[in-house]
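Colleague: I would like a close look at one part of this model, namely its side-chain contacts. Please take the charged pairs and then the rings.

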Amino acid sequence: PLILYKTVRCNNVKITNSMKKYHCQSFLSLLLLTCLISCNHKPYLNGDLVLTNINIVDVRNGEIIPNQDIVIVDKQIAHIVQTNKYHLKADSLIDGKGLYIIPGLWDMHVHVRQFEKTFFPLFIAHGVTGIRDMFNPVIDEIGAWKDSVNQAVGLTPRVGLVAGRLVDGIKGRNWPGSIVLDGVDSVREKVIEVAQAKGYDFIKVYGALSASQLEAISDKAQEVGLTIAGHLPMEVPLKHAIVLGQKSIEHLQGFHIAMSTGNEFLLAEIKNVRESKGGWAAVIAYWQGEALATQQRDSTKVKEIMSLLKEKGVYPCTSVFYMSHQQINNPHETIDPEVFGFDYYPDSLVEQYTRQLKQSNSPEQRDQFKLTYTGNLQLIRDFERYEVPFLAGTDASPTRPVLPGRSLHQELQLMQESGVKPATILKSATIYPAQFMQAEDKYGTVEEGKMADLVLLNQNPLNDIAHAQKINAVILKGEFYSKRQLEVALQTIRKKAVR
């Protein structure tokens with residue numbers, strides 16, 4: 001405190017230094033007491049669910065924000081504050097010390113069909129709180145189905161986007177339920193009007209479409225505000241599909257041919273095989289071409305494709321690494337039911353999956369698969385280098401032994417073999433899907449105002465993407481599900497599986 005050593009007079013009263021010291025000390029004591037009372041009276045925050053002292057994984061910047069309190073109100077993140085800054089009151093208070101929290105994961109390529117009761121809890125138990133359904137011909141009114149799922153309570157993921165039926169060309173080896181086009185004249189009647197009437201979010205295009213058919217679908221879809229997404233038609237150059245506005249390219253198809261020195265020759269060869277030998281022969285020629293193209297990379301074409309993807313807002317979707325891993329290892333000499341999750345399926349699917357895993361791939365085919373697999377790992381490095389957003393998907397469905405939920409973690413871990421940072425891979429299942437769906441105001445990050453779809457982890461996924469499956473708990477639509485609750489849900493599915 002400032003002490004004056006002069007003697008002063010006030011109203012003819014002589015004030016000495018000792019008197020000034022006394023008054024100054026009294027004032028300071030009162031000020032200190034006021035400060036202590038004020039500092040101890042922290043403001044209150046109320047919530048339905050509060051997580052304290054937790055580490056937030058900032059997926060946007062690839063950083064950890066330590067020691068945070070998260071207040072959830074009415075299924076949303078209402079507040080995020082530094083630990084010990086507020087008094088917190090809630091119906092449920094969770095101590096998050098030592099834990100890491102990420103936004104709920106998204107699998108952007110699945111097929112649920114009629115297996116909701118099995119697939120949905122599997123997704124949630126593995127931290128997958130949102131999905132994009134790429135083809136569901138079993139359900140007629142797909143828009144109404146999507147709404148009912150999103151309004152459901154319990155272990156039911158959010159359905160972000162859904163396509164009802166896929167659109168293909170050339171009658172023959174088409175998926176049951178497909179819309180098969182003979183030409184281009186019936187696009188509005190067969191495709192656009194059906195999509196509008198049934199509530200599709202987008203139109204899924206498939207591999208046997210011609211360039212003229214894809215152009216017609218894109219043109220008519222844009223007129224009514226629909227987008228197209230799906231497989232790259234085999235005869236269509238990747239650049240052309242991107243320019244037409246195909247919003248996602250599934251299974252990383254066509255990238256290697258598009259970025260090779262011999263891309264025009266390879267596309268012409270596929271077209272010739274299709275015209276002379278049919279659609280299935282063209283598929284085999286396409287696989288061969290993709291494998292060969294990985295050995296003919298043109299750095300100029302790579303840069304051109306990466307720039308075009310960003311310019312047009314087109315997202316590659318993986319849904320390829322775990323499936324390729326299975327193909328490379330076929331035929332499987334031993335099939336461990338635990339590895340493939342057979343305990344969760346009825347006998348009919350187990351028999352089907354077993355046949356697939358025992359299917360014999362020739363040494364030549366396995367060599368082709370290995371080349372393409374290595375090329376796809378290079379693609380992930382390209383995406384990171386050029387900052388191209390991409391989507392993680394698995395093709396989990398009733399048609400292949402890819403266990404819903406678990407398979408997304410397998411896909412992410414295999415991607416990590418590329419050498420890219422775990423932070424980049426984590427984006428492909430969190431913030432990039434949110435951006436793709438134009439729903440970044442709701443999903444993709446742990447921030448105020450976002451939906452309370454969250455995953456609590458025991459370890460930091462930025463150190464190793466495998467840590468994303470070290471799940472401690474899941475928060476879905478604001479409801480907290482402990483590890484024990486999730487395990488019970490999985491046990492229930494096992495018991496319901498027909499044996």
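Colleague: With which residue does R406 form a salt bridge, and how far apart are the closest N and O atoms?

Modeller: Bear in mind that this is a predicted model. R406 forms a salt bridge with E338, and the closest N and O atoms are 3.9 Å apart. R406 counts as buried because its relative accessibility is 16%, and buried means under 20%. E338, at 43%, counts as partly exposed.

This is one of the 18 salt bridges that a search of the whole structure finds. Another joins the side chains of R60 and E440, at 2.9 Å from N to O. That pair also links distant parts of the chain, 380 residues apart. R60 sits in the loop between strand 3 (44-58) and strand 4 (63-73), while E440 sits in the loop between helix 17 (431-436) and strand 17 (454-457). R60 is partly exposed, with a relative accessibility of 32%, and E440 is partly exposed at 28%. The contact belongs to a network of salt bridges that links R60, E440, E447 and K450.

D453 and R158 make a further salt bridge through their side chains, at 2.4 Å from N to O. D453 lies in the loop between helix 17 and strand 17 and R158 in strand 10 (residues 158-162), so this contact ties together parts that are 295 residues apart in sequence. Both D453 and R158 are buried.

The rings come next. The structure holds twelve aromatic pairs. One of them is W287 with F369, an edge-to-face pair with 6.3 Å from centre to centre and 65 degrees between the planes. W287 belongs to helix 9 (residues 279-293) and F369 to helix 14, so the pair ties together parts that are 82 residues apart in sequence. W287 is partly exposed, with a relative accessible area of 33%, whereas F369 counts as buried at 12% relative accessibility.

F390 and Y432 form another aromatic pair, a tilted one, with 6.1 Å from centre to centre and 55 degrees between the planes. Here too the link is between distant parts of the chain: F390 is in the loop between helix 14 and helix 15, and Y432 is in helix 17, 42 residues apart. F390 and Y432 are both buried.

K370 lies in helix 14 (residues 363-385) and is partly exposed, at 44% relative accessibility. K370 and Y481 are 111 residues apart in sequence, and their C-alpha atoms are 40 Å apart in space. Elsewhere, D48, D74, D91 and E479 form a negative surface patch. Of these, D91 lies in strand 6 (residues 87-95). D91 is exposed because its relative accessible area is 69%, and exposed means over 50%.

Terms used: Residues are numbered from 1 along each chain as its sequence is written. This is a predicted model: local features need pLDDT of at least 70, side-chain atom pairs count only at pLDDT 80 or more; totals for chains, interfaces and linings use all residues. Side-chain values use heavy atoms; hydrogens and water are left out. Patches are made of residues with over 30% relative accessible area and no salt bridge: like charges are joined within 9 Å, nonpolar side chains (Val, Leu, Ile, Met, Phe, Trp, Tyr) within 5 Å. Accessible areas come from the Shrake-Rupley method with a 1.4 Å probe; for residues, only the protein chains shown count as cover. A salt bridge is a side-chain nitrogen of Lys or Arg within 4 Å of a carboxyl oxygen of Asp or Glu. Lys and Arg count as positive and Asp and Glu as negative; His and the chain ends are not counted. The place of a charge is taken as NZ of Lys, CZ of Arg, CG of Asp or CD of Glu. Helices (H or I, at least four residues) and strands (E, at least two) are DSSP runs, numbered from the N terminus. Buried means under 20% relative accessible area, exposed over 50%, partly exposed in between (1.4 Å probe, protein chains only). Rings of Phe, Tyr and Trp (its six-membered ring) pair if their centres lie within 6.5 Å; planes under 30 degrees apart count as stacked, over 60 as edge-to-face and the rest as tilted.
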